Amino acid sequence: RIISYLLIVKALTNQDKTRIMSVKSPSSSASIQYQEFTPQQQEEEGGEFSNKASIQQLFQQTFTDSENEQEGQIVGQLSWDLMDQTPTDDLFVFVATDDDSTRLAGCIMFSRFKFPEQTNTISFLLAPVAVRTSHQKRGIGQGLLRFAIDELKKLEPKINLLVTYGDPNYYSKVGFQPVTISVIPPPHPLSMPQGWLAQPLHQEGIQSIPGTSCCVAAFDKKELW
């Protein structure tokens with residue numbers, strides 16, 4: 001449900017090491033930089049990223065703008081829970097920034113997605129994904145997605161599958177394909193099964209995965225699916 005909307009704006013992880021890789025967005029006239037994000041970096045450098053409460057507020061405001069106040073509150077709490085509860089090795093966050101990396105333009109998060117009966121599959125769930133309301137329709141979201149997927153391949157070479165739950169028309173532009181729940185089982189029943197998507201990273205085609213799946217604690221709520 002929540003993951004299906006393409007609008008979230010900011011994220012912070014509790015990672016112990018800093019990895020920063022910046023590029024300029026080729027699809028925007030403004031100076032947009034893409035990079036992996038860690039809280040230590042921003043606490044040292046300052047800027048709006050240093051406070052988790054302000055990050056949660058950004059998530060909440062963006063979904064309030066695009067949907068309604070209730071949805072904004074739900075996503076705001078989800079963002080907080082992901083930042084606060086997810087183990088270091090189970091969460092990657094990438095951001096798009098402008099104004100010399102002091103203003104957040106967009107964010108995407110990848111959290112670990114497991115298949116207990118299939119240990120050879122190393123998978124992450126892409127969600128939430130968003131661009132600040134004032135920065136939308138400038139190609140920032142897709143630019144950030146492409147950058148982050150490329151970086152994931154370098155940072156975690158063993159990852160061989162990404163899944164997400166959203167608009168097929170949007171995510172197909174960065175390599176995701178629709179899948180059925182019989183091919184890749186979701187952790188909870190889906191309210192919009194047409195939005196269940198996957199992307200293999202190191203093989204041809206999407207392989208059927210038997211058994212069950214499980215997500216990180218922040219996403220392990222039926223109402224989010």
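Helices here are DSSP runs of at least four residues, and strands are runs of at least two. By that reading, the chain of this predicted model has five helices and eight strands. Start at the N terminus and follow the elements along. Their order is β-α-α-α-β-β-β-α-β-α-β-β-β.

Next, consider the chain as a whole. It has 225 residues, and buried ones make up 52% of them. The chain exposes about 9900 Å². Carbon and sulfur atoms supply 47% of that area. Now take the contacts between residues at least 6 apart in sequence. Of these, 72% join residues at least 24 apart.

Turn to the aromatic rings. The count of aromatic pairs is twelve. One of them joins Y165 and W225. Their ring centres lie 5.9 Å apart, and their planes meet at 15°. Planes under 30 degrees apart count as stacked, so this pair is stacked. The pair also links distant parts of the chain. Y165 sits in strand β5, residues 161-165. W225 sits in the segment after β8, and β8 itself covers 214-215. How accessible is Y165? Its relative accessibility is 0%, so Y165 counts as buried. W225 is buried as well, with a relative accessible area of 1%. Both residues belong to a cluster linked by ring pairs. The cluster also holds F113, F115, W196 and F219.

Charged side chains come next. Side chains of opposite charge can pair when their charged atoms come close. How many salt bridges does the model hold? The count is three.

K221 is partly exposed, at 28% relative accessible area. D81 has 10% relative accessibility, so D81 counts as buried.

Another salt bridge joins D90 and R112, at 2.5 Å from N to O. D90 lies in the loop between α3 and β2, and R112 lies in strand β3, residues 103-114. The pair therefore ties together parts that are 22 residues apart in sequence. D90 is buried at 16% relative accessibility. R112 is buried too, with a relative accessible area of 18%.

E151 and K154 form a salt bridge as well, at 3.5 Å from N to O. Both residues are in helix α4, residues 140-155. They are three residues apart, so about one helical turn separates them. Is E151 buried or exposed? E151 is buried, with a relative accessible area of 5%. K154 is exposed, at 58%.

Finally, look at the cysteines. The model has zero disulfides. C214 is in no disulfide, and its nearest cysteine sulfur is that of C215, 7.2 Å away. C215 is likewise in no disulfide, its nearest cysteine sulfur being that of C214. A disulfide needs the two sulfur atoms within 2.5 Å. C214 is partly exposed, with a relative accessible area of 30%. C215, at 13% relative accessibility, counts as buried.

Methods. Residues are numbered from 1 along each chain as its sequence is written. This is a predicted model: local features need pLDDT of at least 70, side-chain atom pairs count only at pLDDT 80 or more; totals for chains, interfaces and linings use all residues. Side-chain values use heavy atoms; hydrogens and water are left out. Rings of Phe, Tyr and Trp (its six-membered ring) pair if their centres lie within 6.5 Å; planes under 30 degrees apart count as stacked, over 60 as edge-to-face and the rest as tilted. Buried means under 20% relative accessible area, exposed over 50%, partly exposed in between (1.4 Å probe, protein chains only). Contact means heavy atoms within 4.5 Å. Accessible areas come from the Shrake-Rupley method with a 1.4 Å probe; for residues, only the protein chains shown count as cover. A salt bridge is a side-chain nitrogen of Lys or Arg within 4 Å of a carboxyl oxygen of Asp or Glu.
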